[in-house]
Structure formats: C-alpha cells, structure tokens
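Dear colleague,

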Amino acid sequence: MKTLLLTVICLSYFTLQAQDFQGKAVYKTHNAVSINVSNDKGVVDKSFQKKLKERLKKMSEKTYTLQFNKTTSIYTQNKKLSSEAQSGGVQVFMIGDDGGNDVLYKNISAKNYTNKKEVSGKRFLIEDALTDVAWEMTSETKKIGNYTCYKALKTRKEAHKSFIITDGEKEETKKIVDITTTAWYTPEIPVSNGPGMYWGLPGLILEIQEGKQTIACTELVLNPKDKIVIKKPKKGKKISQAKFDELMIEKTKEMMERFNNKRKSKKNGDAIHIEIQG
C-alpha cells in the first residue's frame with residue numbers, strides 16, 4: 001500500500017499528554033461494489049454496468065474530518081452529496097445520505113454518542129451507548145506518514161445482502177458471513193478514537209479496512225493554531241439506534257416502491273436485472 005502524505009505538526013510526548021490537547025484528522029473513504037447488469041435474455045449490458053459502477057464508485061469516495069481532544073470528538077462529512085444522483089441515464093438513490101449536514105459526536109470517557117442525521121428533510125438525534133470493542137492486538141507495524149502504526153483486528157457476524165432488481169421488482173437474499181475489521185492505530189497520538197464509530201484502541205486510528213470499505217487518513221494536524229470547539233448536537237428528534245435502523249428499513253422500502261413505479265411507467269421493452277453486492 002502506498003505511503004500516504006500527511007500534513008503534521010509534531011509535538012513532544014509531554015505536549016500530547018496535556019489536558020488541552022487537540023487535533024484534526026481528514027479521512028477518505030472508498031467502498032468496492034460488485035455489479036452485474038443484464039436484460040431478461042441474460043445478455044450483459046456492459047455500457048449500463050460501467051456507468052452504474054462509476055456512479056457508485058464516485059458516491060462512495062467521500063472525505064470526512066474528525067476533530068478531537070482527549071475525551072470527545074465530532075466527525076463530519078466535508079462535501080455534501082445529493083441523496084439522488086443521475087448521470088448518463090443512471091439514477092442512484094442514497095437513503096439517509098444528506099452528508100454535509102450530519103454530525104457524529106462521541107464521548108469516549110462517558111462511552112456514549114450522539115449522531116445528528118437528516119433524512120428526507122427531517123433531523124434526528126440518535127443517542128446511544130458506545131459498544132466496547134474486543135480488539136485483538138498484534139505486534140505487526142507499518143508506517144503511515146511519519147507515524148508507526150500497530151495492527152488490531154476484530155471479527156463479527158453480519159447478514160450479507162445481495163439483491164436483484166428486475167424491471168423495478170427487488171429480490172433480496174441474505175447469508176451470514178464473518179466480517180473482519182483491520183485497524184491501524186498509532187500510540188504516538190494517545191487518543192482512543194478514530195473515524196466514524198471506530199474507537200477503543202490505545203492510540204488514534206489512522207486506517208480502517210472492513211469488508212470492501214477502506215477509510216484512510218490523508219491529513220493530520222495536532223494542536224492547530226485555531227482552537228477547536230467540540231459541541232454536542234442538540235437539535236433534532238431524539239431516537240435510539242435500534243429505532244433509527246427500523247426507520248431506515250421503512251425508508252428503503254418506500255424508495256424501492258417509487259423506483260418500481262417509475263420502471264412500470266416506462267414501457268421500453270426488455271426488463272433490466274441488476275445484481276449488487278457489497
């Protein structure tokens with residue numbers, strides 16, 4: 001893996017231990033998605049498949065900023081993406097991805113989080129406890145920028161979804177698979193934090209590899225000149241993570257129904273089959 005160039009302000013060990021220690025890390029995300037597109041005769045539509053793959057790839061490449069101190073952090077998306085994107089006749093809908101308006105606040109010492117998310121113009125405050133992570137520590141190391149990072153692993157079982165859309169009709173299959181998360185953290189920055197919901201290691205997480213997703217730190221500034229103010233989001237309908245997940249399932253069903261109705265209104269011949277994994 002190529003070495004990332006990090007923008008770094010170097011500090012002494014004692015400065016890192018200071019009560020007012022702050023930092024800012026920028027992360028880039030990428031998701032690899034497997035796509036197969038064909039018509040009802042089984043012929044692969046290479047042109048449509050290429051356009052869809054390019055659109056999903058572009059939408060998965062996002063940048064986020066983690067602002068942190070010793071105990072708390074906020075994580076925000078840098079560039080707002082539309083919840084519906086279209087290019088070359090290809091439409092992709094992203095439920096709950098109002099990106100630029102979302103704020104994830106984590107309190108590591110209190111082990112809780114507040115995630116402000118906007119869905120279809122409605123603002124929610126997801127408040128719940130941070131789950132303790134049973135990381136498997138290893139002695140394997142690698143350099144990320146100027147930092148020596150250590151490898152940590154965790155595994156979990158997850159329902160792997162694969163779905164086929166045939167002329168707007170969705171057929172979904174599930175199978176239970178083992179998902180391995182690989183984290184690279186540096187004890188040189190003694191903050192038990194990281195991008196998104198990742199945390200719980202004796203150092204800042206600079207890289208995550210989980211399934212087909214990669215999150216990599218591309219810029220890091222410690223104790224920036226302008227003081228960072230970390231505020232817990234307060235405006236929005238309070239909801240638990242479990243309830244919010246149920247809401248998202250309903251929103252996804254509504255989205256598929258709208259897509260189905262659009263497809264049925266277009267009488268243009270062969271049915272289209274789309275299989276997406278990842």
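**Salt bridges, aromatic pairs and surface charge**

Lys 117 and Asp 102 are both buried, where buried means under 20% relative accessible area, exposed over 50% and partly exposed in between (1.4 Å probe, protein chains only). The model is predicted: local features need pLDDT of at least 70, side-chain atom pairs count only at pLDDT 80 or more, and totals for chains, interfaces and linings use all residues. Residues are numbered from 1 along each chain as its sequence is written, and side-chain values use heavy atoms, with hydrogens and water left out.

The side chains of Lys 117 and Asp 102 form a salt bridge at 3.2 Å, N to O; the term denotes a side-chain nitrogen of Lys or Arg within 4 Å of a carboxyl oxygen of Asp or Glu. Lys 117 belongs to strand S8 (residues 112-119) and Asp 102 to the loop between strand S6 (90-93) and strand S7 (103-107), so the pair ties together parts 15 residues apart in sequence. Helices (H or I, at least four residues) and strands (E, at least two) are DSSP runs, numbered from the N terminus.

The whole structure contains 7 salt bridges. Another of them joins Asp 132 and Lys 111, with the closest N and O atoms 3.2 Å apart. This pair links distant parts of the chain, 21 residues apart: Asp 132 is in the loop between strand S9 (122-129) and strand S10 (136-144), and Lys 111 in the loop between S7 and S8. Asp 132 counts as exposed because its relative accessibility is 52%, whereas Lys 111 is partly exposed at 38%.

Glu 118 and Arg 123 also form a salt bridge, their closest N and O atoms being 3.3 Å apart. Here Glu 118 is buried at 13% relative accessibility, while Arg 123 is partly exposed at 36%.

Turning to the aromatic residues, there are 5 aromatic pairs. Rings of Phe, Tyr and Trp (its six-membered ring) pair if their centres lie within 6.5 Å; planes under 30 degrees apart count as stacked, over 60 as edge-to-face and the rest as tilted. The ring centres of Phe 124 and Phe 244 are 5.9 Å apart and the planes lie at 65 degrees, so this pair is edge-to-face. Phe 124 is in strand S9 and Phe 244 in helix H3 (residues 241-265), so the contact ties together parts 120 residues apart in sequence. Both Phe 124 and Phe 244 are buried.

Yours sincerely
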